[in-house]
Every structure is written in structure tokens, then in C-alpha cells.
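This briefing describes how the parts of a structure are arranged and where they touch. Please keep the structure open while reading the points below.

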Amino acid sequence: MAVLNLRVNGRSYPVEVDPATPLLYVLSDDLKLNGPKFGCGLGQCGSCSVIVRNQAIRSCITPVSTVAGTEITTLEGLGTIEKPHPIQKAFIDEQAMQCGFCVNGIILTAKAFLDRNPKATDVQIDQAMSDVLCRCGTNVRMLKAIKKYAQEVKA
Amino acid sequence: MKAWTPDAKAALQQAGMSRRDFLKTSGALIVAFKMEQGRGVAPGFNGPGSAQLDSWIAIGADGSITAYTGKCELGHGLYTAQTQLIAEELSVPFNRVKLIQCDTALTPDQGTTSGAQSHPSNFNQGSLALAGATAREALLERASTRLGVGVDQLAAQDGVIQLKTDTSKKVTYGELVGGRKFSIALNRNAKRKPPNTWTVLGKPIPRIEIPAMAAGQFEYVHNVRVPGMLHGQVVRPPVVGATLASVDERSISGLPGVVKVIVKKNFVGVVAEKPYQAMRAANQLKVNWTPPPTTLPSHSNFFDWMRNHGTTRDAFTVNSKDIDAQIAKSSKVVKATYLYPYQMHGAIASSCAVADVQGTQATVWSATQAVYPLRNTVATVLGFKPEDVHVIYKMGSGCYGINGADTVSFDAALLSQAVGKPVRVQLTRKDEMAWENYGVAYLIDQRAGLDSAGNILTWDHESWSPTRGGRPGNNPGNVVTGFLAGFEPAPFAARTPAPDPTNYNNGSNAVPSYVTGCVGAQCGGTGTVASQRVLTHTVPSPFWTGPLRSPARLQNTFAHESFMDELAAAIKADPVEYRLRHLKDQRLIDVLKGAARAASWQTRPSPRSGARRAGVANGRGVSCVLYEGDNGYCAMVADVDVHQDSGVIVVKRLVIASDCGPISNPDGLRNQLEGGALHGVSRSLFEEVTWDAQKITSIDWKTYRPLFLGPNVPRIETVLINRSEGEAMGAGETAVTVAAAAIANAVFDATGARLRQVPFTPERVKAALT
């Protein structure tokens, strides 16, 4: 066990934890965050995504010790129910989810990609989203919401 | 009287209600309990419900309205639609209604939320909708007495009933019944509000949960955190059919946080303080298993294995007993065999439950589709009485049928019982995928005789499919945990030969749309062909099986709608025109025409002329169904590119026409049709459960690779036919049902190659092309 300092959504949290523990377990169990989710535990579906150093990473396969001291942004860190971030608002406006379980990974993957590639074309966006999974088949609405946000980023 | 565990009380308090308050604002509850006491069996799919208005609707002193439903939100928008329904029937704004869903302490027993049954159950003249209508009429009658005027002179709006001619004369719902019970039965004759007057229902109201989901605030069952909660993991057998030999607890003696190793017959689990500690302990625990004496049937020969099984349960759905005679008279006979694999629900969230078992009381937070049936089976597993188990529904990820939600509820209950503390269990991806109740494989032989004009004289259908377990119902052994803990699945009852059918029931869509569906004098089919035989055989499955979105209906519809295309091609007829020639149901005709029109369908036979056998070929295909024989009309036109060198199919565009009666929420309906269509694309092109001689080998998203978010997402267009005069029908499972055939037919149109085995992998496409 070790005491690590985690910086999540602008706040600091000292956590006493086995350093090998995947980041996701610490976020959802110790910090009680609902945004990042356990989907596969294998880094294959994206549900556990968080943003670290401008990249969406898979927190279910990231040992917590490797991100101690680094700013971590979860879905809760973007906006709130009352004041959603523009990309969250785009998903709400398009009603771009069904069960909503995957939406954490979809939104954070899209946001990290567009922040790095604000002029991305629709084809590039589609390609960038090829490694995240929605099992409800809400693909069309989600891609529409992402492209709507992309237009705002460009403007 | 219902018992509440401390954590259930805490949960209620967290929601801002004491139990007393809760009962005060919803006097219904006591009534609902009395109905349920001692009832161990929910009769049928939709449960007994309740005949008492107070079980469904309560009006607080402040005029707030609480409604209770046994049909749960699964991600399909039902919670919002049911809230709209009650707001509409009671003439109050949408946000005035609080809906309580699926809780064995609070809501009526409506069985299982599945099979696209929620709209038929709760939006027609029964259950929740009838409760709304009964309440409105009761309020109007009481206002009439209070104000001394006739009901016909009164109007209800925003929770106030007032004289139409003098709005100063009024009384509120709160004044009429607030805080007290209605104490009346549902009125079978209560009049629903006509759809042309709706202002809330029928509107595209945004879903209630979505802002919280988008903000990462929504609480799924995975986020239930009970004070003092521990974490469990299960250790499943390494191969199908293995039995437990021994567990070496010393193998994890050095690990931190381990609370207990639990063994019950072949069920093995570990409880630890933290989730990662439980995961490590489960991985490291040395468990010795005895493999079964036999191996699994070969994956590559599985369809032959089914056909030659010998032990079957046989049934006729229809049988006009003139097939051979009609075949002998036919100018042309066409035959084809279609194959469909086992597929999995493959929920994106591995299943999770939290259980708190203390003494002889249990509370279970579960994403089950069936809170009352789960209450009964958890009680069986724990050795409790059903009334001592409280099941609270919390949403999981989309399940599409019976995924691991029930089995993991048993896991959590068994582990919590062993440690006397609340335990959360979330399955690993492999434990989810290797042991779930799969959607079943199908082998379907089709045969038809055509007359000299090319019309169908006779249609003969024979199928084989495997079965083992299913929804737990009253058998915990119908899912893996119950079986491992010592309960048997429902027994397989062989029956040969098939008895004659006694009534027409096309719940499995085993009967094609083009026959009359006559059993005796009763003809329930949608088509014109009188000579018909549908014979089904089920065989014992080596794996657990259970309903997966459009169970059997999807597989049968793939075979029917592909075969219909083959018949049209055999006489060089246009596929839409040929279908219309054999249909008599106007609503099915209308969706078929509606989809064709919206897709700018060009009337001509398939395959298209000039199709080349190289490069990218483009084609269109059509498919249609009346889901379950009576529960939702749908037609789809698919437009596909076939990359003939690689064998890759890219679906470019899907046009879907839907008729599910009066539409509750058009945007929610569109979302379901779009999602169903893409689920159908994924299942048609990619999904197949695989295994070797001993075990399942499709155990993650690399070995069971579905459609990911991008690229190659088709455009989807929906045509909604709103039948305000009709009965409400299901729409969550119609689009998925027609996708495979629409795609296969489009591939045939593009290339002349016929795909008869799902999924349409590049290898199978290339084999069909040569």
C-alpha cells in the first residue's frame, strides 16, 4: 500500500492504495465517481476512459501509480447537469444515447481527439471513433453530436 | 408487512423519504403487498399486475403525482414514455409526475420487462394506462360532487378541475384525494384520452435520464454504494461441465483484504474489502476442477449435430396437411437451408449486482428485467421466503434480453449471505461472455412450390434450435450461478411426433408472413398462401440459452425474408411486388410500401442487371415482418456495397418504416428503430459465439468483435406511420428482426451471390461469390 496524490477534475485526493491498482477502481470505488465505468477491464471498449495529458486513456488498464500527480479529467469534470460542457450539450440535444453506459468513453474520446485535431474532417472523426463501442447502436446520433461539437470547435 | 433492511431504509432516506412518508404519499403500497403475499409464481410474462388503482397512482396533499410501474427503463426510453402517459391521462404537466419503477416493495408485479410487451401491457386498456384513466374519471366524479355540477361541465387542467363556464369554481387534485387512498378498483370501462387530444403523450419529450448520463452523474446498478459494502468475485469452471474437486484457500493466504472464500457445491467466490483485492484473490485462488467425461459438439459441425440429434421436442405451428400434394402439383419447387449462430447479448457493462443479506432478510439491487421473478429465485437460492427478499431495480447497461443480470444477483446474494455484509459483484468480461444465456442457433429448411404463374402454392418450413435454461422463472438453475450452486435447469421434455396445433400463435415468427396462418377456423396470418406447414424441433443445448432481442423471431425472419427473395428471383419478379402479391394484411402492406417509397425503390428483379463479379458492387434488399405475429409492423430497405475482392460488406443506407399503433414518443421510437437496425447490422455481419472441444472461445471484444462506433455507419431514415386509432404495440425489437434478410437480399441484388449463413463474414461472402 502507498499514499498517492491524485489530481482529479481540479481537486487533489490523497489515496491509500496498492500502486498496481487500476486507476478505474480508485476513481469509482475510493472517489465514488460515476462517470468512468467498468465495461471490459481489458481496455477494449472505452467505457472507463478518462483524459490525461490531452489523451483519452483506458483507466481500467492504467496502474494508478503511473498517473499520480497528473491532472485527470473525468466526464464529471467537463460540465454538470445544469451547465453541461458543449459536447455534453450536443449529446443531450441529439438525444444521442440509449442506455448511456458507453457515453463516458464516447464523449471523452471525441473531446480529446477534437481538442488535438480541431480541424478534423468527418471521415477522420469516424476513424477516431473506431475503437469505442456502443452496443445499443446509437452510432448515428453519437457521431452527429460529435460533429456538431466539432463545428463549434472550428468556429 | 414488508421488512426493510437497514440499507433499504437508508436508500429511501437518501431519496428524501422515510418509509412512513412513502406510505403516506402512496397508500397503494399496502394493497400491493397484500396481493403479493404468498404468491410464489408470477402467472405469465406480464405478471398479475394489480386491480386496485392505489397500486398504480398516488396523489400527495400538494397535488404531486406518483405513479408505480412494473415495466422498467432498459435504456429504451420507457421511463419517459410512461411518465408522459400518466401526465397525459391526469392532465398535468410532464414534470408533475414522479414514476417509481420495478421494486418488489413498491410496484405492482408486472413480470418481466421484455419481448416488446411494455407498450401492449401499459399503454392500452389495462394496467398503467387504465389506472390513469380510472384516476381521472374518479377525480372528475369527486369534483362533480364537491362542486355540485355535472361531470360534463368540468374540465381538468394542470391538476385543477374547474367549471368550464366559470373558472373561479374549482378544486385541486390535492384537495380531492391528496394524501389519501382512492380505494377503488381499476375501471375496465374508463375512457382513455383520445390521441388527437394528446398534448404530452405522443410528443418527442427528451428522455429524463439523459442529462445525468451525459454529465456522468447517473447512478447505474454499478454505482450502488451501500455503507459497509464489500466486493466479491466469482471463480467459474475452466471448461463447460467441470465439477469442483478442491479449493486451496492457502493459495491466497498472503493477499491483503481477503475476507472469505465461499464454496457451495460447484459455486466458488471470494469476498474482499476492495474490488481490486477481490479480483486478485479470484485470479490467484487455486481451484481444482474435474473436467466432464465428454467434449462439446464440434463448432464446425454444430448444425449437422442439431439435425441428427435424435432427442427433440417437436411442434407444429401450422399444418394444412397438404404439402406433399401441393408440391407434386407445383410447376417449380425451390429449397434452401439457412443457418444462424449462437449470439450473445454482449452487454457493454459486465453484469453487476449488490446484495445485502442479513439474518433472514435480503435486499438486492439488480438490473434484472424481472424483479418479482428474481425475488422468488433469490429466495430459493438463499433458502428464504419470497416475502423476505426485496429486489430493487437499478439500471444496468443495455441488456437486450437476459444477460448476466440475474446470475450476478445470485452471485452477490450467495456471497453476502456467507459474510453477513453487503457485497457488490461485477463480473469479469470473460465470466460474462463465457457463461451467459446465449441467443440460440438455428438451422432452417425452407421449401416452396410455385404454380405456373409463379405464385406460391405451398410453403414448408422445418427448423432445429437448441435450448437449455432461460429466464430463471422459478428455476435458479436456468442460469449458471444457480446451476453451480446445486439447482437444475428446467428439464428438457422430448416430444415426437409433434401434435397438431390447437390455436394460432406466431409469437416466434416461425410462420412466414405470406401464408394464411389457419389453425382450424382461426386464420391469424398476414398472407394468402393456404397450404402451409411449420414444424419446429428443439434439442438440448450444450450452453445456456435465453431470450436475446427478437429471440427466434429474428432467426426465422432471416430465413423467411431471404427465402421470399429467392422465390421472387426464381421467377424474375421484383422483390417488393412479389411480396405484395402474397400479402393481405393492409398494415404490413403499408409499411412495405412506405419503406420502398422512401428508399426510391426501383421495380425490377434481383440481381440487378450488369452486376460484375469484381470490384465494389452496390445493391438493395428488402425485408418485412409483423413482429410476434401481432406486435409491431416493420419493413426495411438496405443499400449495401459489396467489396468483392475482400468480401467486406458495407451497409450504406437503411430505410425503416414502422407502424406500432399510436406513437408515445416519436423521437424515442426513432432512437429504438435506429438502434435496432444497427444492432441488426452488427449481428448480421460480425457476431458469432465460438467454442473449442471444452470451452467457449469468444470471451472478449477481440474474439467476439461487434460493430464499433465508426467508421462505416450507414445513413438511417425512418418512416413513422402513426395509427392513433389502433392498439399500442412494441417497437424495440422490430428493426433488428428484419436487418439480416434485408442485407442478404441486397448482397444478392448487387452480386447474384446468396448468403444463407449469419454472420456474413468476408470469408463467407467470398465463398458465395465463387
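**Overview**

The domain assignment divides chain A into domain 1, residues 2-77, and domain 2, residues 86-154. The model is a predicted one.

- The C-alpha centres of domain 1 of chain A and domain 2 of chain A are 21 Å apart.
- To their contact, domain 1 of chain A gives 14 residues and domain 2 of chain A gives 13 residues.
- On the side of domain 1 of chain A that touches domain 2 of chain A, strand S3 (49-52) and strand S4 (55-58) of chain A are the elements that give two or more residues.
- S3(A) supplies the largest share of that side, three residues.
- Sorted by class, that side of domain 1 of chain A has seven nonpolar residues, six polar residues and one charged residue.

**The sheet of chain A**

- Five strands of chain A form an open sheet in the order S2-S1-S5-S3-S4, and the pairing is mixed.
- Strand S2 (11-17) and S4 of chain A stand at the edges with a single partner strand each, so one side of each has no neighbour in the sheet.
- On average, and with direction ignored, neighbouring strands of this sheet are turned by 40 degrees against each other.
- S3(A) and S4(A) are paired in the antiparallel sense over four bridges; A:Ser49 has A:Arg58 in S4(A) as its bridge partner.
- The hairpin of S3(A) and S4(A) has two residues between the strands, and A:Arg53 in this hairpin takes a positive phi near 50 degrees.
- S3(A) also runs antiparallel to strand S5 (residues 71-73) of chain A, joined to S5(A) by two bridges.
- Opposite A:Val52 stands A:Ile72 in S5(A).
- Helix H3 (residues 103-116) of chain A packs on the sheet and touches S3 and S4 of chain A. The direction of H3(A) makes about 25 degrees with that of S3(A).

**Contact between the chains**

- Chain B has 49 residues in contact with 53 residues of chain A.
- The elements of chain B that give two or more residues to this side are helix H8 (210-214), helix H9 (275-284) and helix H19 (666-685).
- H19(B) gives the most, with eight residues.
- The side of chain B that touches chain A has 22 nonpolar, 17 polar and ten charged residues.

**A helix pair in chain A**

- The axes of helix H2 (residues 86-93) and helix H5 (residues 139-154) of chain A come within 8 Å and cross at roughly 140 degrees.
- H2(A) and H5(A) are therefore oblique to each other, and H2(A) passes H5(A) in a right-handed crossing.
- A:Pro86, A:Ile87, A:Ala90 and A:Phe91 of H2(A) make the contact with A:Ala145, A:Lys148, A:Tyr149 and A:Glu152 of H5(A).
- The contact of H2(A) with H5(A) has six nonpolar, no polar and two charged residues.

**A helix pair in chain B**

- The axes of helix H16 (residues 553-570) and helix H20 (residues 734-751) of chain B come within 8 Å and cross at roughly 30 degrees.
- H16(B) and H20(B) are therefore roughly parallel to each other.
- H16(B) passes H20(B) in a right-handed crossing.
- Among the residues that make the contact are B:Leu554, B:Phe558 and B:Glu561 of H16(B), and B:Val738, B:Ala741 and B:Phe748 of H20(B).
- By class, the contact of H16(B) with H20(B) divides into eight nonpolar, four polar and three charged residues.

Conventions: Residues numbered from 1 in each chain as written. Chains lettered and ligands numbered in written order. Predicted model: local features only at pLDDT ≥ 70, side-chain atom pairs only at ≥ 80, totals over all residues. Domains from an automatic or database assignment. Contact = placed C-beta atoms within 7 Å. Nonpolar A, V, L, I, M, F, W, Y, C, P; charged D, E, K, R; others polar. Axes fitted to C-alpha atoms, helices over the stretch in contact; angles between N-to-C directions. Parallel < 35°, antiparallel > 145°, perpendicular 65-115°, else oblique. Left-handed = near helix turned anticlockwise from the far one by under 90°. Pairing = 2+ DSSP bridges.
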